[in-house]
Amino acid sequence: MATFAEYAALARQLADQRRETDRDAVAADRRRSALRATLDQLTRRLDAQSHRLDQLGRAAGVTVEPAPTAGERPASPAATPAAAAGAGLPGGGPGGSPEPGTAGAGGAAAAPGRPGVGAYPRGGATGAVVAVPAAAGVPAPRAGGVDPGAELAEARRLADETDRLIGVTEAVGRRPPLLPAWSPLARALAVYAACAAAGVVLAVVLLGVAGVVASPGAVYVATCGALPVLCFVAGYLVLGRWGRPALGADGPPPRFVPLGFVTCVLLMPLAYCGYLVLFRLLG
């Protein structure tokens, strides 16, 4: 016969177990709340990343069609009324009759005649079901349970990597395609100098054909008047076309018109005249 001390000890044990169960329930509730807050944060981050990626795609001229919603996706064969009714009946076939070779087992695995689905092979004389590898494109089931914390940590790591790549893309998009590592002034000076050098080469070619195609006077006027202006206009257009970044450019890029005018319209005739003087001295 149990004594009062034994009942008291049993009551204390039950109370301790109840307190431990309550502590576990509170800890589990806090963990679920923390996981839910982390999931909400990741959802907001993914929405912001999707919006930013859409802006980057539009700036780059890439349009991505939105993914179909749940209402727009085509229904799978298992979601049709006939398939649902067949899955709910014993045997998986119409009217509850088992299909050939299924031994009364229902579901997709018991439909060898259905396209793309094969029945599980049975091994040995016992008829035990033998597992088959997953088909291509169908993920295999995981061996153990899924840890939500680990999955959210992996999702957070991928989101951080996505933020880093978005930052790199934005940094590249804010640079112009032409000489992206150069400053705007150095870029403009290089473009105008290249156009002036091309103008000098073209002037030398025109000087070589002077007297054959046109008179020497017309060639001198063209090389000292029209050609420098054309070189300046060419440099101006090149800076306007390839000197503007794809992102963060509200207005036209800096073209440094006085610098281009001095480089092409003044320095090019001087360089051309210096070439003529040097050619006469050497000749």
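This is a predicted model: local features need pLDDT of at least 70, side-chain atom pairs count only at pLDDT 80 or more; totals for chains, interfaces and linings use all residues.
**Overall layout**

The chain holds 6 helices and 2 strands. Read from the N terminus, these elements follow the order α-α-β-β-α-α-α-α. Of the 283 residues in the chain, 17% are buried. The chain exposes about 19,700 Å², and carbon and sulfur atoms supply 66% of that area. If you look at contacts with a separation of 6 or more, 60% of them join residues 24 or more positions apart.

The buried residues of α3 are Leu152, Ala159, Ile166, Glu170 and Gly173. What covers them includes α1, residues 4-59.

Thr38 lies in helix α1, and its contacts beyond four places in sequence are Leu152 and Arg156. Is Thr38 buried or exposed? Thr38 counts as buried because its relative accessibility is 16%, below the 20% cut-off.

Arg45 forms a salt bridge with Asp160, with the closest N and O atoms 2.8 Å apart. Arg45 lies in helix α1 and Asp160 in helix α3, so this pair ties together parts that are 115 residues apart in sequence. Asp160 is partly exposed, at 41% relative accessibility. Arg45 and Asp160 also belong to a network of salt bridges that includes Asp163.

**Salt bridges in the chain**

The count for the model comes to 11 salt bridges. In general, side chains of opposite charge can pair when their charged atoms come close. Three of the pairs are listed here.

| Pair | N to O distance |
|---|---|
| Arg18 and Asp22 | 3.5 Å |
| Arg45 and Asp160 | 2.8 Å |
| Arg174 and Glu170 | 4.0 Å |

Where do Arg18 and Asp22 sit relative to each other? Both are in helix α1, and because they are 4 residues apart, about one helical turn separates them. An α-helix has 3.6 residues a turn, so residues three or four places apart point the same way. Arg18 is exposed, with a relative accessible area of 57%, while Asp22 is partly exposed at 37%.

The pair of Arg174 and Glu170 brings together two kinds of setting. Glu170 is buried, with a relative accessible area of 15%, whereas Arg174 is partly exposed at 48%. Glu170 is also one of the buried residues of α3.

In soluble globular proteins, nonpolar side chains tend to be buried together.

Setting aside residues up to four places away in sequence, Leu239 touches Arg187, Ala188, Val191, Tyr192, Arg244, Pro253 and Arg255.

**A nonpolar patch on the surface**

Nonpolar side chains also gather on the outside. Val229, Val233, Tyr236, Leu237 and Val257 form a surface patch with about 390 Å² of accessible area together. Helix α5 (residues 216-242) provides the largest share of the patch, 4 residues. Tyr236 is found in α5 and counts as partly exposed because its relative accessibility is 31%.

Most residues other than glycine have a negative phi. Which loop holds Leu179? Leu179 is in the loop between α3 and α4, and its phi is positive at about 50°. Leu179 is partly exposed, at 29% relative accessibility. Phe256 sits in the loop between α5 and α6 and has a positive phi near 55°. At 31% relative accessibility, Phe256 counts as partly exposed.

How values were computed: Residues are numbered from 1 along each chain as its sequence is written. Side-chain values use heavy atoms; hydrogens and water are left out. Patches are made of residues with over 30% relative accessible area and no salt bridge: like charges are joined within 9 Å, nonpolar side chains (Val, Leu, Ile, Met, Phe, Trp, Tyr) within 5 Å. Accessible areas come from the Shrake-Rupley method with a 1.4 Å probe; for residues, only the protein chains shown count as cover. Buried means under 20% relative accessible area, exposed over 50%, partly exposed in between (1.4 Å probe, protein chains only). Contact means heavy atoms within 4.5 Å.
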